Every structure is written in structure tokens, then in C-alpha cells.
Amino acid sequence: MKLIEDYGLIGDGQTAALVHRDGSIDWLCWPRFDSDACFAALLGTSSHGCWKLAPVDAITSSSRRYRDDTLVLETDFELTTGHVRLIDFMPVENDASAVIRIVRGLAGKVSLRSELDLRFDYGSLRPALEIGQERAVAFVGPDLVVLHAPTQLSQQGTCIFSEVEVGEGEEIAFCLRYGSATAAPPPPIAAGAALRSTEEDWRSWVAKFAIKTQWPEAVRRSLLTLKAMIYRSTGGIVAAPTTSLPEAPAAENLNWDYRYCWLRDAAFTITVLLDAGYHEEAKAFRDWLLRAAGGEPEKIRIMYRVDGSRRLEEWIASWLPGHGGATPVRIGNAAAAQRQLDVYGELLDSVAAAAKAGIAPTEREGNLVAAVIGHVERVWNEPDHGLWESRGNPQHYTYSKVSAWAAMDRFVRRGDLHGSADGGFVCRMNGLRDRMHREICEKAFDSERQTFVEYYGSDEVDPSLLNLPLVGFLPVADRRIAKTVAAIERELVQEGYVHRRLSGEIREGAFLACSGWLAECQLMQGRRAEAERTFDHLLRARNELGLLAEEFNVRDRRLAGNFPQGLSHLALVRAAFRFEQRASNRGDGHGP
């Protein structure tokens, strides 16, 4: 089984691909993040679609890295006969999306083989092939992919096949482009020029980040990873570019599709982008939120497609055996239809953070905010499925109630969010905010354990409670918060990593974003040395390319869950900023 941490990410702002250290691209959805996959070997075998480009003979050693401050991936292969470098990237262009693979000879002579096996519809559908001397066209339905190669192509079985020898100082390039089956195949791209412009695009973007941190390499790499998950056309940010990478061993059934945009991540995302100096991206995401939310707050969903549409019906790709045999492979996400009260707080928090940073409110925003607050007044005391999208019975989850309170709090305290609301409405919401706070403190706090608990009536703590001081519900110095943080450290931390649960049969990994939240809380409590140790554990979970998955299996020291995971990288960046006292003033009991 190929390990999750053995993959690297390349992307172009429309979609992303995962490249294994052996030279195989095993995952790619075209033309956008949430499209059907044409390479799905990540969730099956090579017969489900991949593109392997690697030396023919035995490799004695290999290494890989990103070119500094870019998403250009380099993989070096050393053999007894020579040494070659594979350079993989996706040009950041506005027309047909492409993958370019450059092979550069560094020493001796090396023979390489390219095996391209395209399978559309998540590995189930072989395209028709038209193979010429140095060009191959594959098409099925609306989809067309064209390969431009530097050498003679042939068909072997279902693969488009070629071999080439590269000597020291020589360079060849393959170009794979997506197009429409009803239009002419897109032409090749000049690889050298595309490489230079792509490097410049990534470097000029990350150069805008000017905050000094204790961990500059980790923060910059996380920011680049987050940038790669922004759908350029709309500003929406996917949670991860993959689906159904398992959170736990195969029998646990914890496989979900994360190729969508969550409101859950909105406040984290906008705050990090603003703190990092990326106001343009923050505004684009704010605008995406407003478009996706529409005009009926009662119909706001917890997640959307990258274009803001909301059809995410879940189905099973039964022909895929899953990563490491972990089934089912899910396409779509049924949790999209759940009620989650936290989305209202996250929406208002995002709007408030943008307004505080000087991003001018829109007329649509004012109307939506007033409608959302009126809706929260009606539904805040109903149960929901919580931050972790439980598929069991709804409960009165503490984090959800606190997020609903945060929506009221931001509205009441920020006059620039009042829009056309009259003074009487604002006064009534002020009273409701205080009443919500009192009820949460009464019903979500276990007086016997002296901690907040996961939901009303529960006797367990949950790492989502680490957000109570971070959203300003109570000061971090409050005794109840201190006891809750201590209980989480005692009951949910294993070998330095925070888990969502450690009891029972479920064997999922540590949820990496929670380690970032714990580091923030520890730092706010004045426990800098402990916060640094927690943060160091988060850093050590990264693969050698600086990428984080959703979870980390502490026992096996392996990444788990969808990869790379935006929320994990957001938590890393936000915690690093907290160390530099650059984060927003949320956490002092007042919020933004």
C-alpha cells in the first residue's frame, strides 16, 4: 500500500494532483477540484488511472523537494547508470489546465518509461484513444485529454506508452492538457517558459507575506498549500483535494469526500488570510460566502461546491477498493444537508473580521447579516449534528451553541454590521446574546467535573471546546476554561497529539487542527514552553514536503485522512501567528 505521506501536491488554482515519490500521478480531478477523477489509483490500483514516469532500471536512491517558495515538485532518481530529475508542475494559466513533467539529465544516461492510463468517472471508464507519433488524444463524453510527448508514442493494453533516454545536460518534457471533446485538442505548452512563469507566480504571491515568525519555512509552505486549494474562479477554498482517504483502519468506515468548501472553515480561513496580508484572497472568499449563502438563511448549508452550488448528494463508487482497502469510496457528502448551528457564527465571524480589516461591506452583506441574526434567534436552542458532523442523533452541542452566541456577539458589538436593523432589534439581540451566554454556562458546564462538556448532558470533553476562548466566549483565564483545557490535555492528548476521542472502539488518528488550537490556548495561558512543545508535535507530523493530512496515527507515525488538509494548515499558521502576537484579538474574551 502506498502511504499518504509519500505524496506531493501540485496545482493550478483550478484543480490539484497528487504525485507519489515513485513518479506516479495517482489522483487528478479535471477540470476542477470537485470534478470526476481521471486518475484514481490513489483509491485503487494503477488500473483505475495514473501516469507513471520513472526510470526503467532499478533505482538506488531517490529524494524530493519543492523548489523554494513554489509548488514546483522535484524528484531525483539515482541509478548505477546515472542521475535524473523529474520536475512536476501545473502552469497557473487561465485557459486549459495542464500537467507538465520535465526530465532533466544530471549525470550519466538513464532510460525512462512513461505509462499513461487515463480512466474517467473515478476509474470506471476507459476513453477512446487516437495515438499519433508524438501526440495522443483521449476522449469520452464531454472530456478530452491530450498528451504531447518528446518521443514516439504507442498503445500497450490500455496505456499510452513511450520510452526515452536522457543524458547529462539533456532535458525533455511531457505535457498533458485537459480540453473539451467538442473542440480542437489544446496545443502543447512551451515547458521552459511555463516553468519560469509558474515559479514566478508562486514566488511573487508568497513574497507578499512579510511577518517574521519563529517557523518561516513551515508557515510559508502552509500558506502556499492553502493558496493551492483556492478555486481561482470564485475564491472558494476546498477542505482538501481528495475524497475517502481513511481516518481509521479499513473496518471503521470513516471515509469522506472533502473536495468542497466548508463554512466551518470560513472564520479560520479569513482570519489567517487577513493576518498574513492577503486581503484580496480574503475578500474573494468573503464574497464567495455571501454568494453561496444567498438570501434565505434557513437554507444555508454547511458546505458547497467550489462554484457555490449546493448539490452534493452522496453515492458510492463501488468499483474502487479504497485506499489500503478502506471502503466505501464516497463521492459527494450527505453531511451537506445537516443542521449545524456553528455555520452562523462562522459566517458572522468572517464578515466581522473582513469589516475590521477594512474590507468594505456590500449591500448584500447587510441584508444577509440581518436575516441570519433573525434566523439564529429562532433556531439557536435547537439540537444539531455538531462541528464533527455526527451522523447519529442531533444533540445540543456546546461548540454549536457558542458559535450561535458568537454570531449574536459580533452583530451586537459591531455597528457596521447592523445595516438597516433598527435600535429595537439590536437591543433585543443584545438581550438574547446575554441569555444565550447564561444558558450555555449553565447547561454545558458539568459542575461535578468542573469542565465544559461536548453537549448538554454529556460527561465527556471534546477538543472543539478549545475554541471557547479563541472565539471570545470566556477569557482564557476563567477558571472554567482552565479546567476544561486541563481535562482535554489529560483525557484526549496522546504522545503530544490531540484526539477527538480516545475511548471506545474507533481508532481514528489525532485530529491535527486540534493540536494547533491547544497550542494557542496554552500560549494564551502563559505556558509558552508547553505551547511550543505542542506546536513542535504538529510540525513533526508533516511529511518531508511540509504537507499535513487531516489526522496523524500516533502509533504508526503515519498521516491519515484526506490530504493535504486545509484546516490542519490553517491551524498551523494561526498558532504560529499567535506566538508572534500577530493574530487577531480573539481570545481575550471579546472576539473581533
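**Exercise 1.** Classify R449 and its salt-bridge partner by accessibility, and locate both in the chain.

*Solution.* Step 1: R449 has a relative accessibility of 27% and therefore counts as partly exposed, since the classes are buried (under 20% relative accessible area), exposed (over 50%) and partly exposed in between, with a 1.4 Å probe and protein chains only. The model is a predicted one, in which local features need pLDDT of at least 70 and side-chain atom pairs count only at pLDDT 80 or more, while totals for chains, interfaces and linings use all residues. Residues are numbered from 1 along each chain as its sequence is written, and side-chain values use heavy atoms, with hydrogens and water left out.

Step 1: The partner of R449 is E491, with N to O at 2.1 Å; a salt bridge requires a side-chain nitrogen of Lys or Arg within 4 Å of a carboxyl oxygen of Asp or Glu. The two residues lie 42 residues apart and link distant parts of the chain: R449 is in the loop between β20 (445–446) and β21 (451–452), and E491 is in helix α11 (residues 479–492). Here helices (H or I, at least four residues) and strands (E, at least two) are DSSP runs numbered from the N terminus.

Step 2: E491 has a relative accessible area of 31%, so this residue is partly exposed.

**Exercise 2.** Which accessibility classes do D556 and R555 belong to?

*Solution.* Step 1: The closest N and O atoms of this salt bridge are 3.4 Å apart. Step 2: D556 is partly exposed at 39%, whereas R555 is exposed at 64%.

**Exercise 3.** How many salt bridges are counted, and which residues form a network with R65?

*Solution.* Step 1: The count is 55 salt bridges. Step 2: R65 is linked in a network with R67, E74, D76, R85, E199 and R203.

**Exercise 4.** Which element gives the largest share of the lining of the second largest pocket?

*Solution.* Step 1: The lining consists of 16 residues, and W205, K227, R232, E280 and E281 lie nearest the pocket centre. Step 2: Elements giving two or more residues to this lining are α2 (191–206) and α5 (279–293). Step 3: The largest share, four residues, comes from α2.

How values were computed:
1 Å grid on protein atoms, 1.4 Å probe; cavity = no way out; pocket = protein on both sides within 12 Å on 5 of 7 lines; lining within 4 Å.
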